[in-house]
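Visitor: Could you walk me through this one slowly? I'm still new to reading structures.
Guide: Gladly, and please ask whatever comes to mind.

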Amino acid sequence: MPESINPDSTPAGPKPDDQSPTRPVRPAPVKHEPSPRGGTLALALLLALIALGASGYVGWRQWEQAQVSTVDSSNLASLQQRVGALETTLSGVSGERTSLNQRLSDADQVNRSLREELLGQADRTRNLEDAVAKLAEKSLSGQDGMLLDETESLLRMASERYTLFHDAQGAAAAYTLADQTLAGVNDGTFSSLRQSIAAERDALAKSQPASQASSLQELTELRSDLATLPLKALDSPSTTAQTQTVWERIKQALASVVSVQRSNGAPLAVADARFARELASLDLAQAQSALLAYDANAYAAALQRVDVALSTQFDSNNPDVQQARVTLKQLGAALPPSPPVHLGAALSELRNLRTVHALKPESTGAAPTPSSSSAAPANGAKP
């Protein structure tokens, strides 16, 4: 099929000269003008990319929100579970608190009832004590009252005897009799009083010197030895005729003219010896009496006077006199001064117990009882 020639498509140019030699014809460069379809395609591609990015971003956001929603859902579920557990715990705690309040209320009621019972028991105990006290008062017979009066009299007598005469042995004997008398009382309340009496009796026994009997025997022997102890030579001449002074010679000359003699005719040495021995014997007797009375000061003073008499009136060079002075020193050291014993605690305790038990009459106008009638002479008795 022959090609149709478009006259419009023939390139313009100089027409070939028919006479010129044939040369190859070079086509002219074609100039392309911008097509409007290419810009639209680029714009569409850009819009497609933007839409793709936006859809991707939106999808990512939706995925992220879905993940967050899943985590929130799980957290919410766990929170709901925890809240449920807390509600269960709170309900249990509330139940326990209610039970505890109920138990506390019950315990309060029980305590109140126990307190009332305790108060009732205290009242009953007080009533029983009063009943026992009244029964104890009724059980004390007249014989018990007489025994208590006798015990009180013996204790007071022992205290006065020790205070006035320092007779610890007699006071201890009186305490022994008081303890024996109190043992016959049919009441256990006075059992502690016997312990007090025993304590004061032991104190009196310890205050007595252990060597009293031997000291009295030695004093008696020393009194008997005074008659044989030699005295100092008082009437013998002290100087010889060769050593006499003028005044002594004059005195000796006048002695034949004026003479002085005793009425009984005894020599001066014999009278002085008798007088010295009597004084020493009296001092020894006083020492014996002071030893019996447990008077340490008087005993020591009497022995001191006897020692002074032996040193001044008797011959100090004689062995018997020296031995007598040594014996006096031993006797003085054998009786050390002992502290006085404080008595009266047992007597005060007895009086307090009798006051508590209302054994003494309340007033002078009360009816006489066997105990009060026996207490009258006991209170007025003197040691």
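Visitor: What do the side chains of Arg 325 and Asp 307 do together?
Guide: They meet in a salt bridge, with 3.1 Å from N to O, and please keep in mind throughout our talk that this is a predicted model.

Visitor: Where in the chain do Arg 325 and Asp 307 sit?
Guide: Arg 325 belongs to helix α9, which covers residues 319–333, while Asp 307 belongs to helix α8, which covers residues 296–313. The two are 18 residues apart, and the pair links distant parts of the chain.

Visitor: And is Asp 307 buried or exposed?
Guide: Asp 307 is buried, because its relative accessible area is 12% and buried means under 20%.

Visitor: How many salt bridges does the structure hold?
Guide: It holds ten of them. Another one to look at is formed by Asp 179 with Arg 194, where the closest N and O atoms are 3.1 Å apart. This pair also links distant parts of the chain, with Asp 179 in helix α3 (residues 168–182) and Arg 194 in helix α4 (residues 191–207), 15 residues apart.

Visitor: Buried or exposed, what's the story for Asp 179?
Guide: Asp 179 is buried, with a relative accessible area of 12%, whereas Arg 194 is partly exposed, with a value of 34%.

Visitor: What about Asp 108 and Arg 112, how far apart are they along helix α1?
Guide: They are four residues apart in helix α1, which means that about one helical turn separates them.

Visitor: Changing topic, how many aromatic pairs turn up in a search of the whole structure?
Guide: The search of the whole structure finds one aromatic pair. The rings are those of Tyr 57 and Trp 60, and their centres lie 6.2 Å apart with the planes at 35°, so the pair counts as tilted.

Visitor: Why tilted rather than stacked?
Guide: Planes under 30 degrees apart would count as stacked and those over 60 as edge-to-face, so the 35° between Tyr 57 and Trp 60 makes the pair tilted.

Visitor: Which helix are Tyr 57 and Trp 60 in?
Guide: Both lie in helix α1, which spans residues 36–139, and they are three residues apart, about one turn of the helix. Trp 60 is partly exposed, with a relative accessible area of 44%.

Visitor: Which residues gather in the patch of negative charge on the surface?
Guide: The patch gathers Glu 218, Glu 221, Asp 225 and Asp 320. Helix α5, residues 212–225, gives the most to this patch, with three residues. Glu 218 is found in helix α5, and at 31% relative accessibility Glu 218 counts as partly exposed.

Visitor: Last one, how many helices and strands are there in the protein?
Guide: There are eleven helices and zero strands. As for the interior, 22% of the 383 residues of the protein count as buried.

Terms used. Residues numbered from 1 in each chain as written. Predicted model: local features only at pLDDT ≥ 70, side-chain atom pairs only at ≥ 80, totals over all residues. Heavy atoms only, no water. Phe/Tyr/Trp six-rings, centres within 6.5 Å; stacked < 30°, edge-to-face > 60°. Buried < 20%, exposed > 50% of the residue type's maximum accessible area, 1.4 Å probe, protein only. Salt bridge = Lys/Arg side-chain N within 4 Å of Asp/Glu carboxyl O. Patch = residues over 30% accessible without salt bridge, like charges linked within 9 Å, V, L, I, M, F, W, Y side chains within 5 Å. Areas by Shrake-Rupley, 256 points an atom, 1.4 Å probe, with all protein chains shown as cover. Lys, Arg positive; Asp, Glu negative; His and termini not counted. Charge placed at Lys NZ, Arg CZ, Asp CG, Glu CD.
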